[in-house]
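Please keep the structure in view while reading.

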Amino acid sequence: MLNSGKAVRDKDGKIIQAAAFQKGEDETKPGRVQPDRRWFGNTRVISQTALDHFRTSLAAKKDDPYSVLLRRNKLPMALLDDAANPALRKRPHIVETEPFAETFGPKAQRKKPRIDAGSFEELGKMGAAAADAAELAASISGSGVMEPLASTVVEPQTHADFKEPIYAKGTSRRIFGELYKVIDSSDVILHVLDARDPLGTMCESVLESIKKEKSHKQVVLVINKCDLVPNWVTARYIKHLTPRYPTIAFHASPNHSFGKGSLIQLLRQFSQLHSDKKQISVGFIGYPNVGKSSVINTIKSSKVCTVAPVPGETKVWQYITLTKRIYLIDCPGVVPASSNDSQSSIVLKGVVRVEALPTPSEHIPALMARVKPIYLSRTYDIPLPNKDDPTECWKPEDFLDKLARKKGRLLKQGEPDLDSVAKIVLSDWVRGRIPFFVPPPERTEELNEAEARIKRKKDLKGKGKASQNEEVPGVKQNLKTLIQKNTFVPEDIEKIEEEFEAPEEEAAVAEEGVEEEDSEDEEDEDDLKWNDVFEGINSGPVPAEAAIDNGVSEDEDTANKKEARMTTNKACYLWSSDELILTLLSTQRKPANFYTSNNVKNKNRSKAALMRTLPVGKKGGRKSAL
């Protein structure tokens with residue numbers, strides 16, 4: 001028994017017995033770790049056929065945006081990368097291309113290159129002679145000197161080469177540092193686009209880097225500001241972008257939002273997908289002023305992020321709690337560097353604050369080249385220069401002059417203030433007051449024929465299952481319910497495609513419900529109604545006796561009322577246990593409530609409240625209703 005941890009000493013102070021766990025070197029034995037098979041538990045040994053099956057089955061699903069691999073960290077994903085696979089690297093087969101017998105020895109076929117110079121001195125003299133001949137030819141032609149190399153020419157910088165610092169907004173190292181933090185912290189990335197120019201506001205370089213380095217993160221495209229363009233434009237862009245990534249149409253508004261339910265349902269499915277984590281983070285990225293913070297406020301139904309109709313309002317990333325399992329991350333606007341974007345295109349994308357532009361009138365010609373004159377005339381109430389030809393536009397100086405005189409923006413001696421009026425026009429452009437949209441890319445005839453062929457196969461009986469795999473899955477939305485803010489001319493309006501209309505079954509059910517209600521009202525016109533007995537009481541259900549007298553039971557009446565909204569289009573994930581893949585599809589879900597399957601005490605509390613409002617007799621008893 002261990003009484004104390006001290007060593008036992010004699011009268012001279014020498015240790016007789018060492019303390020616990022403090023033996024000397026002569027008393028200790030060499031330590032040895034007992035081997036265990038569990039050391040090698042992580043090792044996996046599979047056959048070559050299983051490895052080939054793994055590669056063939058998951059190679060296509062690895063980069064599919066509509067498929068998610070479960071337990072990705074436990075799968076040998078390096079085997080799917082052909083570039084990292086040493087067995088598939090291209091090696092030069094020197095022995096096959098140039099055999100040893102034909103390269104060396106007396107039968108060598110490799111020939112020595114012919115050079116007119118026999119030594120390096122002769123080669124240098126030949127080069128000097130060629131330079132003298134070129135100089136002589138240049139003097140004869142009149143140029144005087146030979147054309148120097150482009151790399152040796154150093155042109156002095158002029159005022160035209162100076163770039164204002166304001167046009168570099170969104171490209172700083174701090175902004176990209178915030179972007180990298182958001183991407184690293186997010187499980188799902190929502191790329192918000194502007195519906196007026198979705199392809200122009202798409203960060204291609206960021207998406208490529210995510211696909212290459214963060215391929216395990218899911219990307220969803222959200223087309224915001226759909227109320228500023230016609231519905232067919234949104235539908236065409238959704239159809240164009242859906243093969244690349246899941247795409248959702250959205251309109252951020254505190255009262256009249258669109259796509260909010262589909263997006264929240266999609267985020268809930270992602271939270272179920274990552275069930276091994278306590279919570280998931282959803283990052284919002286995109287250009288400045290595309291509405292990232294507004295989308296978060298719409299989803300949260302409260303003002304949790306500061307928003308403004310000008311770019312650059314969000315300075316740093318911000319965490320927002322949507323539910324216990326879903327967190328949203330707001331990110332500042334990022335502008336990827338592109339050599340194709342001019343200063344005017346950067347301004348018209350809404351990247352720069354209009355108030356800080358040094359010369360805003362320089363960008364008005366580019367704006368007028370994009371917008372039809374009829375829209376400018378309608379917005380600012382300025383007559384067209386030629387009423388017979390509505391396509392003829394003003395000159396930029398004339399348009400700014402007329403608008404300045406109309407708004408009273410004049411300088412001394414009646415000169416128009418062109419810069420202040422140009423700021424007004426650019427501000428209206430950024431805020432969406434001027435109708436404009438970039439036409440969606442034209443669909444090729446081959447693609448239309450392929451989709452028509454798939455639709456024909458789907459319409460045939462017994463071929464529905466075979467054609468489902470060929471069609472790209474996605475979230476179906478009824479774009480006809482989207483309220484438009486701007487008014488467009490008839491030539492910019494086209495018929496929306498059938499895929500983005502309300503399903504025919506739902507419309508038919510709704511019409512049947514309306515017809516049944518109308519027929520019941522006509523039959524009950526002559527009979528005594530429940531509302532005629534108790535006037536002014538409109539709340540609460542009809543008693544069972546009255547419903548039986550009318551020939552309709554209470555269950556049938558409630559079923560007819562709720563039948564029109566039984567089917568709803570929601571997105572869900574289906575799990576394939578063979579390949580551990582979740583696929584995004586569009587299905588119909590029947591809504592349910594707690595009271596539909598449970599009999600609780602307060603189930604008929606509305607009926608009880610109705611009975612308490614009925615008139616009472618003299619002795620405290622209630623009068624008979626019938």
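In this predicted model, helix α13, spanning residues 396-407, packs against helix α14, spanning residues 418-430, at an angle of about 90 degrees and with the two axes 9 Å apart. Angles of 65 to 115 degrees count as roughly perpendicular, and α13 and α14 are therefore roughly perpendicular to each other.

**The contact of α13 with α14**
- On the α13 side the contact is made by Phe 399, Leu 400, Asp 401, Leu 403, Ala 404 and Lys 407, while α14 contributes Leu 418, Val 421, Ala 422, Ile 424 and Val 425.
- By residue class, the contact of α13 with α14 divides into 9 nonpolar and 2 charged residues, with no polar ones.

**Nonpolar cores**
- The largest nonpolar core holds 97 residues, and those with the most contacts inside it are Leu 190, Val 282, Phe 284, Leu 328, Leu 376 and Phe 399.
- Leaving aside residues up to four places away in sequence, Val 282 touches Ser 186, Val 188, Leu 190, Leu 267, Ile 326, Tyr 327, Leu 328 and Ile 329.

**The chain in totals**
- The secondary structure of the chain comprises 22 helices and 11 strands, and 31% of its 626 residues count as buried.
- Among contacts in the chain with a separation of 6 or more, 65% are between residues 24 or more positions apart.
- The accessible surface of the chain is about 42,600 Å², and carbon and sulfur atoms account for 52% of that surface.

Notes: Residues numbered from 1 in each chain as written. Predicted model: local features only at pLDDT ≥ 70, side-chain atom pairs only at ≥ 80, totals over all residues. Heavy atoms only, no water. Core = buried A, V, L, I, M, F, W, Y, C linked by side-chain atoms within 4.5 Å. Buried < 20%, exposed > 50% of the residue type's maximum accessible area, 1.4 Å probe, protein only. Contact = heavy atoms within 4.5 Å. Axes fitted to C-alpha atoms, helices over the stretch in contact; angles between N-to-C directions. Helix = DSSP H or I, 4+ residues; strand = E, 2+ residues; numbered from the N terminus. Parallel < 35°, antiparallel > 145°, perpendicular 65-115°, else oblique. Nonpolar A, V, L, I, M, F, W, Y, C, P; charged D, E, K, R; others polar. Areas by Shrake-Rupley, 256 points an atom, 1.4 Å probe, with all protein chains shown as cover.
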